[in-house]
Amino acid sequence: MALQFYNTATRSKEPFTLPEGVPAVRIYCCGPTVYHFAHIGNLRTYIFEDFLRRTLEYYGFAVNHVVNITDVGHLTSDGDDGDDKMEKGALRTGKTVWEVADYYTQTFMKDWKALNIIEPSIWCKATDHIQQQIQLVKTLEEKGYTYRTSDGIYFDSAKFPRYPDFAHLDVENLQQGSRIEMGEKRSATDFALWKFSPKDQKRAMEWDSPWGIGFPGWHIECSAMAMHHLGETLDIHCGGSDHIRVHHTNEIAQSECATGKPFARFWMHGEFLRMGSDKMSKSAGEFLTVSLLQEKGFNPLDYRLFALTSHYRNYLNFTWEALENARESLKSLHKKTDVLIGKADLIQSELALRFKNEFQEAIGDDLNMPKALGILNSMLKENLEESEKAALVLDFDRVLGLNLGSIREEYAPKQENVDVFKIDALISLRNEARKNKNWAESDRIRDELKSMNITIKDGPNGTEWSL
Ligand code: AMP
Ligand code: ZN
């Protein structure tokens with residue numbers, strides 16, 4: 001059965017096959033910048049990538065799936081200035097950048113688990129691959145694609161005439177629009193490969209390099225890590241649709257200039273989750289997280305089902321009502337499937353095989369998950385043997401990932417995603433109060449922690465807390 005995906009590079013659906021001799025699909029997905037919690041918009045993109053991976057596996061491909069963790073070099077502006085997102089996170093929480101990165105990486109991985117997203121074959125951190133990034137910049141420098149300004153080493157986009165093609169950019173217009181912010185850049189589309197640390201300030205994260213002490217630009221990390229783990233050409237590169245114009249355009253430019261080879265055969269992009277007319281974003285302050293949905297009594301898989309209800313290339317509008325509908329749909333699916341558990345046998349009747357084929361065709365047609373979900377629902381209404389229904393449920397759930405093979409667990413709020421920074425801050429306030437013999441204040445803080453289900457114990461090593 002033909003498998004086809006929409007390729008952003010050609011703006012068309014193309015059949016997907018692997019080149020001769022490539023044993024596993026080489027997929028690279030741009031991962032989170034770990035300066036804050038992932039919001040459910042980010043997670044929509046990772047859920048789409050999970051459907052992609054599961055679909056490839058359903059079609060019998062082995063998959064080598066790499067996801068990065070951006071823990072350095074992502075500035076708040078695409079124009080290579082503005083604050084460093086990690087340092088902003090450190091300022092906000094009063095922790096070091098390393099602690100911030102570590103904490104939000106942990107919470108991110110918990111969200112993946114809760115949403116039943118399969119672990120990638122490799123997680124890779126930007127700070128563990130500084131040498132690979134330096135090496136890539138050196139190659140670009142040797143080949144004449146870079147220039148130096150007072151604040152860093154930049155990629156010279158004029159030397160890559162195909163630069164505007166991927167995102168269909170109007171470079172002339174861009175140039176005129178950003179004359180003021182360009183600084184010493186020769187062109188608005190040039191971007192930093194390596195930034196120098198400010199002379200009068202020691203940065204929390206900085207490394208030595210052939211160009212002096214500094215840190216890598218954000219875009220270079222993905223090219224360097226993707227090539228390090230998967231080779232110079234990938235089969236599929238994914239991300240959210242916002243990455244098309246700048247991040248992925250830059251990845252293509254620097255990778256293809258360095259190697260002379262196509263960087264990725266397929267580019268796939270997930271469209272944004274919106275709330276009303278706003279896109280959800282970490283920098284805009286208010287955003288929804290998986291743990292917030294859990295606090296409101298939702299099972300994270302309710303959100304996964306919600307994500308299944310729209311095609312990944314369409315905007316998806318979040319409302320609480322829509323999430324409640326998804327919860328009801330998942331409950332009703334479980335009502336029908338829980339009774340089938342343990343009854344699965346061969347899928348052999350003509351009707352059952354037809355459902356299996358239709359399902360496979362739907363997911364293979366550029367991940368038409370809403371249609372696949374419809375096929376599951378129609379199948380459950382049909383007059384099929386329970387053993388075949390049970391087998392089809394298990395088979396479809398390999399891709400849907402809704403845990404339909406196990407009894408639905410009602411969500412009992414767990415306190416795993418508690419804000420450790422807030423707890424630490426409360427404990428130091430309490431210690432301060434105790435030092436000042438302000439017992440009323442110290443008791444008040446203990447009660448506040450108790451209301452968060454946190455128990456504290458004062459011992460010789462200070463105050464310890466547990467859930
Ligand atoms: P970030 O952690 O901001 O670098 O984003 C991680 C991933 O989430 C990237 O692939 C983004 O393109 C994607 N993303 C960001 N905001 C949204 C949104 N509102 N809806 C869907 N995907 C998003
Ligand atoms: Zn990336």
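Before you click anything, one term: a residue is buried at under 20% relative accessible area, exposed at over 50% and partly exposed in between, using a 1.4 Å probe and protein chains only. This is a predicted model, where local features need pLDDT of at least 70 and side-chain atom pairs count only at pLDDT 80 or more, while totals for chains, interfaces and linings use all residues. Residues are numbered from 1 along each chain as its sequence is written, chains are lettered from A and ligands numbered from 1 in the order in which they are written, and side-chain values use heavy atoms, leaving out hydrogens and water.

**Stop 1: the zinc ion**

Select ligand 2. Which residues coordinate this zinc ion? You'll find Cys30 (SG), Cys222 (SG) and His247 (NE2), at 2.0 to 2.2 Å. Donors here are N, O and S atoms within 2.8 Å of the metal (3.2 Å for Na, K and Ca); water is not among the atoms, so sites may look incomplete. Along the sequence, the donor spacing reads C-x191-C-x24-H. Cys30 sits in the loop between strand 3 (24-29) and helix 1 (40-58), and Cys222 in helix 6 (residues 218-230), so the pair ties together parts 192 residues apart in sequence. (Helices, H or I of at least four residues, and strands, E of at least two, are DSSP runs numbered from the N terminus.) Both Cys30 and Cys222 are buried.

**Stop 2: stacked rings**

Rings of Phe, Tyr and Trp (its six-membered ring) pair if their centres lie within 6.5 Å; planes under 30 degrees apart count as stacked, over 60 as edge-to-face and the rest as tilted. The structure holds 25 aromatic pairs. One of them, Tyr145 with Phe155, is stacked, at 6.1 Å centre to centre and 10 degrees between the planes. Is Phe155 buried or exposed? Phe155 counts as buried because its relative accessibility is 0%. Phe155 also stacks with Phe191, at 5.1 Å and 20 degrees. That pair links strand 7 to strand 8 (residues 191-196), with the two residues 36 apart.

**Stop 3: arginines over rings**

Select Arg203: it lies over the face of Phe215, 3.6 Å from the ring centre. The criterion is NZ of Lys or CZ of Arg within 6 Å of the ring centre and within 35 degrees of the ring normal. Then try Arg327, over the face of Phe298 at 4.1 Å. Phe298 also belongs to a cluster linked by ring pairs, with Tyr303, Phe306, Phe318 and Trp320.

**Last stop: Lys381**

Finish at Lys381 in helix 12 (residues 369-381). With 70% relative accessibility, Lys381 counts as exposed.
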